[in-house]
Amino acid sequence: MREKIIYGMALLAAILLARNLHSTFLVLPDEANQGMIYRIMFFHIPAAWTALLGCAVALVASVMFLITKNFRYDALAVAVTEVGLAFLAVNIVTGSIWGRIIWGIWWTWDARLTSAFACWLLYFGYLMLRGAIDEPTRRATLAAVFSIFAFADVPIVIFSIKWWRTQHPQPVFWGGGSMDSAMWLTTMLNWVALMLVGAVFLLVRLRQEEAQREIDSMRRMVHAI
Amino acid sequence: MNFLRQSLTIAAKDLRAELRTKEAIQASLSFALVILLLFSFSFDPSEDEMRALSGGLLWIVFAFAGALILNRTFAREIPNDCLDALVAAPIAGAALFLGKALASFILLFVMELVCFPVFGIFYNIGWTAQFWPLMLVLVLATWGFTVIGTTFSALTVNMRLREIMLPLLVYPLMIPCLLAAIRLTSQLVAGQPLDPEVMVWMRLLVGFNIIFTSLALVLVESVLLG
């Protein structure tokens, strides 16, 4: 059953991505000021949203683990953090490519780039932390604590870096920017597509975690015998 | 009341142990001096430029040298299984945490207080024009650093690669605190008062301290027992 859900979602994601790529490259016109390159935004923006959602799910899963001590939540937390980190990397890399064309430079220490990078490092620390602890209960508990700290820090990091310097084009959300409704539709649909891709990754990763735990418990049983 | 007395007992114990061995404070101070020396090779600024750079320079020194102190906070309890005894002791985990944080805070503060005149002499800078506001910034930012550092010292204490993991986890979390400290320190070392423009950083520091102190006090039990 689970197998079928994964394949079904993957299929749906593929169809939606094909539709969006068609619309992105063949239907929608070049943007008035930015020309061709603005199309990267259809991946750049949804990737950021997906990553942010991943952080939020990781927070909920971590809190739930600390309350219930159920390892399903730990598996969810690590899986969703890994997937979120991948999407944040997509966001940073696509942003960098966009910056090379529009600003003429790959990287600048402007507020949003810096905070995206800082958040990436923060959650990369989460994975490093997990890698350094062998005992499963201890690893899950400490990782959950770290995830809560990281999530509390993300908004403060973003605001502090924003105060530090600002050079980014006004964001579409909570800013002065605006977007044509056809472009808006493709952005939203691409968000759905990326979320589906993320969910497929997540389910596959969850199954790996469960298998890993099963192998660990079998190994312990063999040692006990 | 009892809670506070327990914290102070832990803090006094830690400070006494540190005064007798002097291992953390010595390592941290000599490391700070080495970095201050190395900075003199990396650039050769005029006095005005130096004042503008002072916040960033000093806080990088404090963050690097401070990690050595924070690493020892819980690591010094590993020999003879002292950590197990402390966790088993009839005090709240939060009291243990607060005591350890207080001791680390004092050590960090002493290290920073020594660094300021050394920095002033090495780089020909009068830094005392705004002495008391500067001390306030130092206290607030050091407390933020201490809270995060002590939590993660407890978190990484039983880990292989402990010395590497602590800074790796702490520095990204500390970005807001560090940015505020750098901006405010540069402003005050340059002799300018705390005007409304930089007060926003002061508020950020206070907010950061409140959020993470409460978060640490709530979660430290899970960290110690985890």
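How many residues does helix 6 of chain B have, and how far does helix 6 reach from its first C-alpha to its last? Helix 6 of chain B runs over residues 131-156, which gives 26 residues, and its end-to-end reach is 36 Å. That is close to the 38 Å expected at 1.5 Å a residue. Keep in mind that this is a predicted model.

Now for the loops on either side of helix 6. Asn124(B) sits in the loop between helix 5 and helix 6 of chain B, while Leu161(B) belongs to the loop between helix 6 and helix 7 of chain B. Each has a backbone angle worth a look. Most residues other than glycine have a negative phi. Asn124(B), though, has a positive phi, and Leu161(B), which is not a glycine either, also has a positive phi. Here are the values:

| Residue | Phi | Other C-beta atoms within 10 Å |
|---|---|---|
| Asn124(B) | near 55° | 9, exposed |
| Leu161(B) | about 60° | 12, exposed |

Next, a pair of helices. Helix 2 (residues 23-42) and helix 5 (residues 93-122) of chain B pack with their axes 10 Å apart, at an angle of about 30°. Since angles under 35 degrees count as roughly parallel, helix 2 of chain B is therefore roughly parallel to helix 5 of chain B. The crossing of these two helices is right-handed.

What touches what in this pair? Helix 2 of chain B brings residues including Ala24(B), Ile25(B), Ser28(B) and Leu29(B). From helix 5 of chain B come, among them, Leu107(B), Val110(B), Met111(B) and Val114(B). Sorted by type, the residues of this contact are 14 nonpolar and 2 polar, with no charged ones.

Finally, the two chains meet. Chain B puts 22 residues in contact with 23 residues of chain A. On the chain B side, helix 7 (162-173), helix 8 (175-189) and helix 9 (196-225) are the elements giving two or more residues. Helix 9 of chain B gives the most, with 8 residues. What kinds of residues make up the side of chain B that touches chain A? That side holds 19 nonpolar, 2 polar and 1 charged.

Terms used
Residues are numbered from 1 along each chain as its sequence is written. Chains are lettered from A and ligands numbered from 1 in the order in which they are written. This is a predicted model: local features need pLDDT of at least 70, side-chain atom pairs count only at pLDDT 80 or more; totals for chains, interfaces and linings use all residues. Two residues are in contact if their C-beta atoms, placed from the backbone, lie within 7 Å. Helices (H or I, at least four residues) and strands (E, at least two) are DSSP runs, numbered from the N terminus. Ala, Val, Leu, Ile, Met, Phe, Trp, Tyr, Cys and Pro count as nonpolar, Asp, Glu, Lys and Arg as charged, and the others, Gly among them, as polar. Axes are lines fitted to C-alpha atoms, for helices over the stretch in contact, and angles run from 0 to 180 degrees between N-to-C directions. Angles under 35 degrees count as roughly parallel, over 145 as roughly antiparallel, 65 to 115 as roughly perpendicular and the rest as oblique. A crossing is left-handed if the near helix is turned anticlockwise from the far one by less than a right angle, and right-handed if clockwise. The expected span of a helix is 1.5 Å times one less than its number of residues. A residue is buried if 20 or more other C-beta atoms lie within 10 Å of its own, exposed if 12 or fewer, and partly exposed in between; C-beta atoms are placed from the backbone.
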